[in-house]
Amino acid sequence: MKNLKKATKVDFATYLGVTVSFVIMYILQTGGHLSSSIAGQLVPICCFIVMAVSLNLVVGISGELSLGHAGFMSVGAFGGIIAAQSLAGAVPFAPLRLTIAIVVGALCAVIIGFVVGVPVLRLRGDYLAIVTLAFGQIIKDLINCLLVGYDSHGLHIMFNISGLKSINDLHLEETGKAIIKGAQGAVGITKISSFPAGFILVMLALVIVLNLIRSRSGRAIMAIRDNRIAAESVGLNITKYKLMAFVLSAAMAGAAGALYGLNYGSLVASRFDFNTSILVLVYVVLGGLGNIWGSIIATVVLYMLPEALRQFSNYRMLVYAIVLILVMLATNNDQLKALLRRIIPTRKEADAQ
Amino acid sequence: MVFFTYLISGISLGSVYAIIALGYTMVYGIAKMLNFAHGDVIMVGGYICYIALNSLGLPAVLAVILAMIVCTVLGVVIEGLAYKPLRQAGSLAVLITAIGVSYFLQNAAQLIWGATPKNFTSVVHFNLPSGLMSLGLSSEALITVLACIVIMVALTAFVNHSKLGKAMRACSEDKGAAQLMGINVNRTISMTFAIGSALAAIAGVLLCSSYPVLQPTTGSMPGIKAFTAAVFGGIGSIPGAFIGGLLLGVIESLAKAYISTTLANSIVFAVLIVVLLVKPTGLLGKYAPEKV
Amino acid sequence: MTEKKPVFEKARMVPYPSQAIIPERDLNKTPILECSHLGIDFGGLRAVDDFNLTIGRTEIAGLIGPNGAGKTTVFNLLTKVYQPTRGTILLDGMDTAGKTTAQINHMGIARTFQNIRLFSNMTVMENILVGLHSEMSYNALTSVLRLPAFFRSERIARQRAMELLSIFGMEDTAEAVAGSLPYGAQRRLEILRALATNPSLLLLDEPAAGMNPSETAELMENIVKIRDTFNIAVMLIEHDMNLVMGICEGICVLNFGQVIAKGTAEEIQSNPTVIEAYLGKQQ
């Protein structure tokens, strides 16, 4: 019971920390105290926090290395954009339209999550990693072939496999509008994402993941991670729980994608390539596997880092790479860990005196 | 006839993948890590060769050798500085570090050589008889395929018969036991990186000779493809990497020609997925069930 | 050899159809386990062949044999870690053909492992709660929404887990990380985790390995206590002959994948084939 209380405390602190940060940033934003570059990053940061938290469910809690998480974000983004753009007339109230778009984005990602997860979760370790990577690439390529438009007859969807077709082949009416133009991506998006919506999504993701971890299902997922054979021997259905973690994670990534996509006027599928998957994985690993609040902090810090390194101008990404390597080396260095352990108590003693 | 042309270009591309995959598979076999920086070593090899040819005016053979030397040193330095301290850490820590190294190499290349693509001059200077040329065979393709076969055979002989090769196999089976048998594990891993990186340099030169656009991100996609090829053939297996690379190149080339240019990569990846679902450890990979 | 040790009360062994023997008290009940002609090949090697065994409802059975005889393979066959090449396994009279390891557990077999397999990053309490997984009925949605059913079910499960821990007096380690426990405690925790799944047959793979004589003596008492409290059958693989001869009612001896002897402790101890298998042929 003590552990339950301790875990509850950590969870509560996580919720509180996120809420307080949101309130502060929101007040600053509405008061116009934020520079435009920071204000413009509030929604993307929320999206990437949800991405990191959801990927942590797969990599940290379920113990499967996924290198294609951005693929689900992509599916959610374009699904959400199609929903929001085609409902522009039917649902004029933007927050409701955004909610619908996010739900649609999540559902699209769930479907793809199932399609990918059922066969792939039979594989182990690095084989699973390479297949998720492959799926991420396939999803990107498929979206690059997608032509979608909307007019009074409803949605027009065409698959441009030969690469010879263009948006004109949809034969939209005069009043119709193109939504996705193949490799040019989604265009003319009405930006309806907002920082409060991002905050709500982050909180939802936290509630889902944290409550799941500290329950029967979450323990089953972690048991399978720790020892698959023992987990089977106590009667756990391996496929069910692996799939639960994978699909739930995909759903959250899809929701994050929808919010992300509706934050920009246009969006191309290559925004969600392998590098984006890797970026989120870096957040998760640096934040600590299975550590949810760690993922949040790592996301915020690393998302802002290139911005903070602006003074290095051209050397910015080089410094970023060096910081990344040094952090990995430092966090895995036994001598440094021992040194830190020696320093921290001394500091406490000094404080006491 | 057209089919034959595409097949040849596929085999040539596949040979490049195979050379990279051989390096990948050796490093994976021994260090059990996804070395995402491997593709960027290819790019560095391409640039060194480009500089040697165009700025230093070296003959092609010397340029290739210089590229190999630089990449070998680079590979050993990367291993020693970034991967060796993480030998006891989890595989994810090494993976992230490899990604950091990849970012570093790409951005360093961009700072040194600029982001604008360079037009690579082929290192192959002879012409084929016109009969062969009309079949769609280029001198680059011929050299690439020959190089790949020579490397494959040499590597197989080296791994199976040389002392160092045996040490590598021992380390990839069980590092602890290898150490107890008096094998210097660190040195063996270091040597594996050296060989893998030298192969990457050759692959870089051949890749740029056939597809003469050189930029800091040149290595990324071939790197990922070659890794796919290694997994496809069964990671850790040298003939597997060879077959996987060739098949991948041919599939990609034919898919581009007959199905869709945009979806060519996807088709390659889809074939990989199907192969892994049918044979979870790749074409020639060994299945080792967990002992209960 | 066993004069000074506590003597456990054993049942008289009586014949059962098909050459088997089971405890007299179980004669009127369906045996918990009936294997017939069970066998598995690993690429031409007959790892286990023609394995026949019947275990009574509340029997403590022993499976012994030299190293590499195929004892753990039998456990793996019973729990469907390996699918048998030949033969049938009846569990409580029901055929287990085509079942998965998880389904076998639901049907009533729980086991421990020779090389301990705990969920080592999770706490002792969580390990037991995973064992109680099937006993809890709320679903993922209930836990995400934190409905009253969640709290009710969790509370009951935690109480049950504490009761189980009290069998070995491990209540105060409940919040320790399982992987950090001493070796003996890890073995005991594995038994408790298996018990948590509410089995009718408990398979213990070398439960006394790495234990000192006093720990082993305690373990013997506890195995008998578990059998009596839960009214279940126990089958154990063990090299410690004091333990096997002390508490096992029916003993089966395996060598090179074949049963070479079956009987009570006394019968096994005087069986020349068994002596030969363990010590080699006497000149």
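**Entry 1: confidence**

In chain B, where is confidence lowest, and where is it highest? I looked up pLDDT, the predictor's confidence in each residue, from 0 to 100. Confidence in chain B is lowest in helix 5 (residues 130-134), at a mean of 72, and highest in helix 3 (residues 60-83), at 94. The mean pLDDT of chain B is 89, with 99% of its residues at 70 or more.

I noted that this is a predicted model, in which local features need pLDDT of at least 70 and side-chain atom pairs count only at pLDDT 80 or more, while totals for chains, interfaces and linings use all residues. Residues are numbered from 1 along each chain as its sequence is written, and chains are lettered from A and ligands numbered from 1 in the order in which they are written.

**Entry 2: chain A overall**

I found 14 helices and three strands in chain A; these are DSSP runs numbered from the N terminus (helices H or I, at least four residues; strands E, at least two). The C-alpha atoms of chain A fill a box of roughly 80 × 55 × 40 Å along the principal axes.

I also checked burial. Of the 353 residues of chain A, 49% count as buried (20 or more other C-beta atoms within 10 Å of the residue's own; exposed means 12 or fewer, partly exposed in between, with C-beta atoms placed from the backbone).

**Entry 3: where the chains meet**

Next I looked up contacts (C-beta atoms, placed from the backbone, within 7 Å). I found 35 residues of chain A in contact with 36 residues of chain B. On the chain A side, helix 6 (125-144), helix 11 (274-287) and helix 13 (316-331) each give two or more residues. Helix 6 of chain A gives the most, with 11 residues.

**Entry 4: helix 12 of chain B**

Helix 12 of chain B (residues 264-278) has 15 residues and reaches 21 Å from its first C-alpha to its last, close to the 21 Å expected at 1.5 Å a residue (1.5 Å times one less than the number of residues).

Which residues of this helix are buried? I listed B:Asn265, B:Ser266, B:Val268, B:Phe269, B:Leu272, B:Ile273 and B:Leu276. Seen down the axis of helix 12 of chain B, the buried residues fall within an arc of 160°, so they line one face of the helix (the arc is that of the directions from the helix axis to the C-beta atoms). On the other side, B:Val274 and B:Val278 are exposed.

I then asked what the buried residues of helix 12 of chain B pack against. They pack against helix 6 of chain A, together with helix 10 (220-233) and helix 11 (238-258) of chain B.

Notes. Contact = placed C-beta atoms within 7 Å.
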